[in-house]
Amino acid sequence: MSNDQDQRHPFLDDLTVDAELISSVLREPVVGRDDIRLAVDAVGTFYASQTPVYLQTVGSRLFLEYEAVLTSGELLSAVVVVDHNPDGSVPRVSVRMSPLGSVLSLASSLRATLSTRLPASLFL
């Protein structure tokens, strides 16, 4: 079994304590480093594969585009925008996903997995 750190997203270690995650699969932002890690780790369990398409840093923002195949077989495209403070810490992450069918499928799986650990108001 591989080490968890091998599968982590690079920005997770740099999140501020009160960081915010905004995503197409959530009704409201997830606030706080620990809850963001929980949400990102949960989403990762629904990916059968993930392929980076584009990665570029522009000013204080990192842009990552990727394509994923969900465990359900559906295709998903996503763009992640990671904002960085001057000290390198990350106060905000935005994840925009499409198409809608895949987004709703992922949102449903996320709700089923995290509804007892995060506020119900977050989920679609």
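Two strands count as paired here if DSSP finds at least two bridges between them, and strands (E, at least two residues) and helices (H or I, at least four) are DSSP runs numbered from the N terminus. This is a predicted model, in which local features need pLDDT of at least 70 and side-chain atom pairs count only at pLDDT 80 or more, while totals for chains, interfaces and linings use all residues. Residues are numbered from 1 along each chain as its sequence is written, and side-chain values use heavy atoms, with hydrogens and water left out.

**View 1. β1 and β6 run side by side.** Strand β1 (residues 15–23) pairs with β6 in the parallel sense, over five bridges. Look for Leu-21, which stands opposite Val-93 in β6.

View 2. Val-80 has Val-95 in β6 as its bridge partner, and Val-81 has Ser-94. Six residues lie between the strands of this hairpin, where Gly-88 takes a positive phi near 95°.

**View 3. Ser-89 in its loop.** Ser-89 sits in the loop between β5 (75–83) and β6 (90–98). With a relative accessible area of 15%, Ser-89 is buried (under 20%; exposed is over 50%, partly exposed in between, with a 1.4 Å probe and protein chains only). Its side chain makes a polar contact with the side chain of Asp-87, at 2.6 Å. Such a contact is a pair of N or O atoms within 3.5 Å; within protein, one must be able to donate a hydrogen and the other to accept it, and residues adjacent in sequence count only if both atoms are side-chain atoms. Leaving aside neighbours within four places in sequence, Ser-89 is in contact (heavy atoms within 4.5 Å) with Asp-14, Thr-16, Asp-83 and His-84.

**View 4. The whole sheet, with α1 across it.** Six strands form an open, mixed sheet in the order β2-β1-β6-β5-β4-β3. Its edge strands, β2 (30–31) and β3 (47–58), each pair on one side only. Helix α1 lies across β1, β2 and β3 and runs at about 45° to β1; axes are lines fitted to C-alpha atoms, for helices over the stretch in contact, and angles run from 0 to 180 degrees between N-to-C directions.

**View 5. Around Met-97.** Leaving aside neighbours within four places in sequence, Met-97 is in contact with residues including Tyr-47, Tyr-66, Leu-76, Val-103 and Leu-106.
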